[in-house]
Amino acid sequence: MRIEQHPILEFRRGKKVKFIFDGKEYEGYEGETIAAALHAAGIRVMRESPVLHRPRGLFCAIGNCSSCLMTVNGEPNVRICTEKLREGMVVNSQKGKGVLYEKRS
Amino acid sequence: MKREVRFAEIAVVGGGPAGLCAALEAARAGARVVLLDRQDHLGGQLIKQTHRFFGSKSHRASQRGFKIAEALTREVASHPAVEVHTGATVFGFYEDGVLGVEQKGRVFYLKPARVIVATGAAERTLAFPNNDLPGIYGAGAVQTLVNVYGILPGRRVLMVGAGNIGVIVSYQLLQAGMEVAAIVEAAPVIGAYWVHAAKVRRAGVPIYTSHTIKEAYGKREVEGAVIWQLDGDGKPIPGTEKDLAVDTICLSVGLSPLIELLAQAGCRLAYVPELGGHVPLRDENLQTTVPGVYVAGDAAGVEEASAAMMEGALAGLHAAYSLGYGQQDYEARRAAIREQLEALRSGPVGEKIRRGLSKAIIQL
Ligand SMILES: Cc1cc2nc3c(=O)[nH]c(=O)nc-3n(C[C@H](O)[C@H](O)[C@H](O)COP(=O)(O)OP(=O)(O)OC[C@H]3O[C@@H](n4cnc5c(N)ncnc54)[C@H](O)[C@@H]3O)c2cc1C
Ligand code: FES
C-alpha cells in the first residue's frame, strides 16, 4: 500500500515504469527498490527456501541479510531490497539456490 | 587475473553519520578521502529517522535525523578533497591492505594508506516458531519501507521490543497510518525514553512488559501472533497467551556491529555484550590492532548517532594527522571532540556504554 499523505514526509516518486513479476505486469516508480514496488502491490513473498521450501520475504531491507533473493532479468540471487526498479525488468520468485549458468548473455 | 589497484590516502567504508564525519574531519585537516557506500545515497540509518533527536544537547539534538543526514551529505559532497562513491560495496579486505569494491557490476581495487570502517550494525532476529514467515521484519526494515519509500508493509503490526527503536518506529507507523496492535517487551520495564513511550500510550497502544512472542502463524504470510507473559526468571507462564490478529511483526531486539571487513583485515575482536556483540579492540583514537585501520560508529559498538559522529571525527582526525596533515590544530581539535564525547556518555544513561568501552579500549 502506498502512503498518499504523511504529517512530516513528502514522497517524491520518480517516473512510472512497468515491470513483470512472475509473468504478470505491474507498475512501480523509478528510484524505488524492487522490494518497495512489490510491497506496494501487496506482494511480500519473494522466494522459497532451498530445503524445506518455506516462503521467504524481506527482513532487513538494507542489503545485510540475503532474505530477499530473487531472479532479476535472468540473474539469480539479486538482493531486491537494494536493487532499483527499472522499466521492463523481469522479476521472478526464486526457488532454491539460484543457478548462474541459466543467465542469458 | 590481472587486477588494477588504485592508491588512496584515506578510504572510509560506510557513509552513515560516522563515515560522513570521518571523511569531513580528515578532509578539513587536508587529507584526500575516498568515501564508499553500498547504498545509492549517503546518510546511513539517519535517512529514515523522522523524529526529533535525543542525544547530546550540543550535537544537533532536537533536529530530525534525515535533516542531519541531508546537511552532512551536502557538506561532504561539496568538499573538493572527498571523492564519493555510492552504490559501491566493499566486499573484501585483503592481507596486503587492498579493498575490493563492486560498483554497479564493475569491480575495482583500492589500496589506501589508512582505512576507516564505519559499516554500522545489522538488526537481530529472535528464535520462535515461524519466525521466517514473510511479514516479519526488522523494525528498521519497516522504517525504510515506510519513511524512505512511502509504502506500508501491512495494516496491523505487533512490535517486539520496547527500547528506543521499537517505540519510535511504532509511533512512526501510527503516523503513517498503520494500526499498532501492541508492543511487547521481555524486560519488566520499558527501555525507551519516556517522551516517546508516552506518545504511543496516548495513542492507545498497549505496551506489555514481561511479555514476549510465543509464535507467529499463517500459511504463506503472517496472519497472527501469540504473545505470553514471562515470570520473574524470564520463563513463559502457560495460560497467559493472547492471540493477536496482525499481518506484520516487527522485531526490535537489538543490533549487532557489522565487523566482517575488520575480521578479514585481521583486527583482534572481543565479545562485549554491552556494545552489541563482537567488536574490534581499539585505542582512544579508534585505531584497531591492525595499524592504519580504524573503526567508528555502530560498527565499533552499538550506540547512537551523535556518538557515531564524534567517533568518526576522532578517527578521521587521527588518520589525517598520522599522514602528516593538520599537525597544528590536532591537539586542540582532538580535545574538543573528546570532551563532547565524554559529556555524551556521562551519567546513568551512558553507564552500559562506559562498561562496554572499558573492555574494548586498549593501549596500542
Ligand atoms: C529506528 C531508529 C531510531 C534511532 N533513533 C536515534 C536517535 O533518536 N538519536 C540517535 O542519536 N540515534 C538514533 N538511532 C541510532 C543511529 O541511527 C545509529 O546509531 C547511527 O546511524 C550509526 O551510524 P553509523 O554511521 O555507525 O552507521 P549507519 O548509519 O548504519 O551507516 C553505515 C553505512 O555503511 C554502509 N555500509 C555497510 N557495509 C558496507 C560495505 N561493505 N560497503 C559499503 N558500504 C557499507 C551502509 O550502507 C550504511 O550507509 C536510531 C536508530 C534506529 C534504527
Ligand atoms: S532483506 Fe535483507 S538483504 Fe534484502
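User: How many residues from chain B and from chain A does the contact take?

Analyst: It takes 43 residues from chain B and 30 residues from chain A, where contact means heavy atoms within 4.5 Å. This is a predicted model, in which local features need pLDDT of at least 70, side-chain atom pairs count only at pLDDT 80 or more, and totals for chains, interfaces and linings use all residues. Residues are numbered from 1 along each chain as its sequence is written, chains are lettered from A and ligands numbered from 1 in the order in which they are written, and side-chain values use heavy atoms, with hydrogens and water left out.

User: What area is buried between chain B and chain A?

Analyst: About 3200 Å², with carbon and sulfur atoms giving 55% of that. Buried area here is the accessible area (1.4 Å probe) that two parts lose on being put together, summed over both.

User: Which three residues supply more of chain B's share than any other three?

Analyst: B:Asp132, B:Tyr149 and B:Ile151, which supply 19% of the area that chain B buries against chain A.

User: How many salt bridges are there across the interface?

Analyst: The rule finds 4 between chain B and chain A. A salt bridge is a side-chain nitrogen of Lys or Arg within 4 Å of a carboxyl oxygen of Asp or Glu. A:Lys84 and B:Asp40 form a salt bridge, their closest N and O atoms being 3.0 Å apart.

User: And how many residue pairs are in polar contact there?

Analyst: 16 residue pairs, with both residues at pLDDT 80 or more. A polar contact is a pair of N or O atoms within 3.5 Å; within protein, one must be able to donate a hydrogen and the other to accept it, and residues adjacent in sequence count only if both atoms are side-chain atoms.

User: Which element gives the largest share of the side of chain B that touches chain A?

Analyst: α3(B), with 6 residues. Helices (H or I, at least four residues) and strands (E, at least two) are DSSP runs, numbered from the N terminus. That side of chain B divides into 18 nonpolar, 13 polar and 12 charged residues.

User: Let's zoom in on B:Asn147. Is B:Asn147 buried or exposed?

Analyst: B:Asn147, found in helix α3 of chain B, counts as buried because its relative accessibility is 6%. Buried means under 20% relative accessible area, exposed over 50%, and partly exposed in between (1.4 Å probe, protein chains only).

User: What does B:Asn147 touch?

Analyst: Not counting residues up to four places away in sequence, B:Asn147 touches A:His6, A:Leu9, A:Phe11, B:Lys48, B:Thr50 and B:Gln172. Its side chain reaches the backbone oxygen of B:Lys48 at 2.8 Å and makes a polar contact with the side chain of B:Gln172 at 3.0 Å.

User: New topic: where is B:Lys104?

Analyst: B:Lys104 sits in the loop between β5 (99–103) and β6 (106–117) of chain B. B:Lys104 counts as exposed, since its relative accessibility is 64%. Leaving aside neighbours within four places in sequence, B:Lys104 is in contact with B:Thr86 and B:Gly87.

User: Back to salt bridges. How many does the structure hold over all chains?

Analyst: 21. One of them joins B:Arg333 and B:Glu25, with the closest N and O atoms 2.7 Å apart. That pair links distant parts of the chain, with B:Arg333 in helix α8 (residues 330–344) and B:Glu25 in helix α1 (residues 17–29) of chain B, 308 residues apart. B:Arg333 is partly exposed at 35% relative accessible area, while B:Glu25 counts as buried at 7%.

User: Which residues are linked in a network of salt bridges?

Analyst: B:Glu274, B:Glu351, B:Arg355 and B:Lys359.

Terms used. Ala, Val, Leu, Ile, Met, Phe, Trp, Tyr, Cys and Pro count as nonpolar, Asp, Glu, Lys and Arg as charged, and the others, Gly among them, as polar.
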